[in-house]
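This briefing sets out selected local features of the structure shown below.

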Amino acid sequence: MRDPRFDVLFEPVQIGPVTARNRFFQVPHCNGMGYKDPAAAAAMRKVKAEGGWAVVCTEEIEIHPTSDIAPYVEGRNWDDQDIPALALIAGKIHEGGALAGIELAHNSMHCPNLYSREAPIGPAHLPVASLAYDPVQARAMTKSDVADLRRWHAGAVRRSLAAGYDLVYVYAGHGLSGLQHFLSRRYNDRADEYGGSLANRARLLREVLEDTIEAVAGRAAVACRISTDEEDGITRAEIEEVIGMLAELPDLWDFCRGSWEEDSGTSRFEPEGAQQEFVRGLKQLTSKPVVGVGRFTSPDTMVDQIRGGILDFIGAARPSIADPFLPRKIEEGRLED
């Protein structure tokens, strides 16, 4: 029933120790359910798995009370009490036939911690860069804080494995992650081994990747989601250098734009595949598979991304929301749908 010119989209792809059954990848995206309604989140992700997405990921999952973006609702992996809710989501994704991915996040300079009342922490003493421009100050992390962050992340990785996830994210994208804040000159004015040179600013990202690889011990794949640029913070050339430094550490690279707003251009203003210019060439810096987004809905455009050596996986957030059964429709030759 499938048009043979789309066969490449349904090839299996190895991601470290796991195999995706095709090239359709629902990248992490938030949905407003999170820790408040994990049953609804689980049902929503299961539908996508049933619709043919080979990898279905959670939204941002906070790893600690110092990463609290309330009143916005996302997932939590603060301690062992969160494992049952996370396991429910992973289990439903598996029931639908997909690999389950989890995006672990420490929001750092992005979170005011209005619920937890913890002091925000980041690379520097600066106001938090939250969505609501909250009048809250973050304090610069000490070496002890850096060690704590690494420990919190490793603990969240272990809980993710206990909950049954097949792929674990290290998140350095969208201006929402402390790992990106350390990379960025906009936020990082440190004079120690975590600041200054690009190698120093990338040190924490390397350490967290290495910690994650050690914690999963081959039981799950490790993905790194990273911004391709950031205005006044990270240049494209620097990102290419960072990827070159870390090229073979993760099992998969997930490329996004520098901020959430840039990454989420609407169809009113941006054509399908608009992110191609920001991602082109990055795949050639690593032997590992790469995923990116571009509000892909046309199977011909998807094939061009694969044949053109731009992406290995067709990533989607909004297309997977608008039509969870998009991959199945392509596979069944139902293009009119």
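**Helix packing and backbone features**

Helix H1 (residues 38-50) packs against helix H2 (residues 83-95) at an angle of about 20°, and their axes are 7 Å apart. The model is predicted.

**The H1–H2 pair**

- Because an angle under 35 degrees counts as roughly parallel, H1 and H2 are roughly parallel to each other.
- The crossing of H1 and H2 is right-handed.
- On the H1 side, the contact is made by Pro38, Ala39, Ala41, Ala42, Arg45, Lys46 and Ala49; on the H2 side, by Ala85, Leu88, Ile89, Lys92, Ile93 and Glu95.
- By residue class, the contact of H1 with H2 comprises nine nonpolar, no polar and four charged residues.

**Helix H6**

- Helix H6 covers residues 203-216; at 1.5 Å a residue its 14 residues should span 20 Å, and the 20 Å between its end C-alpha atoms agrees with this.
- Buried residues of H6 are Leu204, Leu205, Glu207, Val208, Leu209, Asp211, Thr212, Ala215 and Val216.
- The elements covering these buried residues include helix H3 (143-162), strand E10 (167-172), helix H4 (178-183), strand E11 (221-227) and helix H7 (236-246).

**Ala172 in strand E10**

- Ala172 is located in strand E10 and is buried, with a relative accessible area of 1%.
- Not counting residues up to four places away in sequence, Ala172 touches Ser177, Leu179, Gln180, Leu205, Arg225, Ile226 and Ser227; among the buried residues of H6 is Leu205.
- The C-alpha atoms of Ala172 and Asn107 are 9.7 Å apart in space, while the two residues are 65 residues apart in sequence.

**Backbone geometry in loops**

- Most residues other than glycine have a negative phi, and most peptide bonds are trans.
- The peptide bond joining Ala70 and Pro71 is cis, with omega about 15°; Pro71 lies in the loop between strand E4 (55-62) and strand E5 (75-76).
- Ser108, in the loop between strand E6 (99-105) and strand E7 (121-122), is not a glycine but has a positive phi of about 55°.
- Ser108 is buried, with a relative accessible area of 2%.
- Tyr133 also has a positive phi, near 50°, and lies in the loop between strand E8 (126-127) and strand E9 (137-140).
- Tyr133 is exposed, with a relative accessible area of 71%, whereas Ser108 is buried.

Terms used: Residues numbered from 1 in each chain as written. Predicted model: local features only at pLDDT ≥ 70, side-chain atom pairs only at ≥ 80, totals over all residues. Heavy atoms only, no water. Helix = DSSP H or I, 4+ residues; strand = E, 2+ residues; numbered from the N terminus. Expected span 1.5 Å × (residues − 1). Buried < 20%, exposed > 50% of the residue type's maximum accessible area, 1.4 Å probe, protein only. Contact = heavy atoms within 4.5 Å. Axes fitted to C-alpha atoms, helices over the stretch in contact; angles between N-to-C directions. Parallel < 35°, antiparallel > 145°, perpendicular 65-115°, else oblique. Left-handed = near helix turned anticlockwise from the far one by under 90°. Nonpolar A, V, L, I, M, F, W, Y, C, P; charged D, E, K, R; others polar.
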